[in-house]
Amino acid sequence: MNKTIRRASVFCLLLVLALLVRVTWVQAYQGQALADDKNNRRNLIGQYENPLGNIIVGGTAITGSTKTAGKDFGYKRTYTDGPLYAPITGYSSQAFGTSMLEGVYKNVLNGSDSRLKTVMDILTNKRADPGNVLTTIDKDVQKAAYDALDGKQGAAVAIDPATGQILAVVNNPSYDPGRISGAGDQAAWDELSADKGKAMENVALRKPQAPGSTFKLVTLAAAIENGLVSSIDQPTGVPGNYTIPGTRTKLPSEAGDEACNNVSARTALKLSCNNVFAELASKLGQDKMRAMAEKLGFNTQIDTPVRTNPPSKYPTKKLSVDQVAQTGIGQFDVQATPLQMAMVTSAIENGGKLVAPHMVSEVTDSGGTVLESFKEPKSQQVMSARTASMLQDAMRTVATDGGGKPAQVAGAEVGGKTGTAQRGVNNNIPPLAWFTSYGKAGGKQIAVAVMIENSDTDRSEIGGGKLAAPIAQKMMAAWLKK
């Protein structure tokens, strides 16, 4: 064999060896990574090769699957009362991925979760039968909130304070996730994504905004816990004609200077006197205010298991004294979701104990065997029982004699707090109307938070008591009167 042929033969042999090494590397080391790659279309086809498992409310599936006529995907996701439950289910789309519970439990619902596999599935490398997700949502509370929000832009959340079970999560506007579940639903996606995706925006869980005067519950809790307020009926000594500390700016209250002059904490909460809560926050200081807020869930991502991202916020950067005072009335950089304010009220109603909020009770396989259970959630004593009792007492006054009267439920104890949060430069954007409340009767309890971003109501009429409290009332009644 001459020299040229020998060199060519060696070169070809090296090429073959390189190919063998590469194939071995891909199969032995990269095979699983490639198989699991999100861009691997075979995975997407496999997800919709068979019917998906279901998300369940009150024993009834609110999702389903239907056979398609396409070549790639055997089935696509369907939804019962899609707009009603969209903030909970999210969407499962052949073109646009998944969100909310559909995203969190995607592998359980499509049968690829390893916990679902039987011995035979492992031996045959067959995709397991899909599992199901059982929610804590109460269909009556959910429907009551959805109907009451009709015609308004806003959101509402309800929690059972004793168990942490989320009973309702509602947004308006909402959308039908079934419109984007197929592979060819680009037009519907573009429509729903218009206006910054407002229809698909989960305001209840994922859009923190200024909580306004509902945050005064946090301020009062911090004041009681730190000894600034020992009795909710003792005059606070704060003048009605009040100037924000460190400034020459007068801080007005809607009830007027005279009505808010040297009032007790109970009256201050009932009339929503800004002077009292700004002064309490100023005296407490940023660190004590933040500590109380963080105990209640601020500055923390909460997994329901849908994650609150971004989390509700109490400022962590160093604030000036006037800025701290403004946080006491739920303004400046304080931001909260309806879920967060429902958590605040839930802890108050539950004797100061905050039970981790969750919207899933169990995750099961196709035969009902429990894979995950959330029936014993974590809890934390975030304030003393005495503090919680004093706050409940003051909140009852708001509901009986103050702006929370529209939230009254016959035969039930109800406590609440209204809130109106200013927005924009010189308040050029309609304010947010808030209301948070608790109700209890016959051994049952519920905590609710409602936030209205916009409505057809005249600006001068916008307020938590007028707009949001009636919605909270319907939600509480739906639960307490069962």
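**Entry 1: a strand pair**

I looked up strands β11 (residues 360-364) and β12 (residues 370-373), which run antiparallel and are joined by three bridges. Strands here are DSSP runs (E, at least two residues), and helices are DSSP runs too (H or I, at least four), numbered from the N terminus. Two strands pair if DSSP finds at least two bridges between them. I noted that Thr 364 stands opposite Val 370 in β12. Five residues lie between β11 and β12 in this hairpin, and Gly 368 in the turn has a positive phi of about 95°.

**Entry 2: the model**

I recorded that this is a predicted model, in which local features need pLDDT of at least 70 and side-chain atom pairs count only at pLDDT 80 or more, while totals for chains, interfaces and linings use all residues. Residues are numbered from 1 along each chain as its sequence is written, and side-chain values use heavy atoms, leaving out hydrogens and water.

**Entry 3: Ile 62**

I found Ile 62 in the loop between β2 (60-61) and β3 (63-67). Is Ile 62 buried or exposed? Ile 62 counts as buried because its relative accessibility is 5%; buried means under 20% relative accessible area, exposed over 50%, and partly exposed in between (1.4 Å probe, protein chains only). Not counting residues up to four places away in sequence, Ile 62 touches Ile 55, Val 57, Thr 78, Tyr 79, Thr 80, Tyr 85 and Thr 89. Contact means heavy atoms within 4.5 Å. From Ile 62 to Ala 342 I noted 280 residues in sequence and 25 Å in space, C-alpha to C-alpha.

**Entry 4: Leu 17**

I located Leu 17 in helix α1 (residues 3-36). Leu 17 counts as partly exposed because its relative accessibility is 42%.
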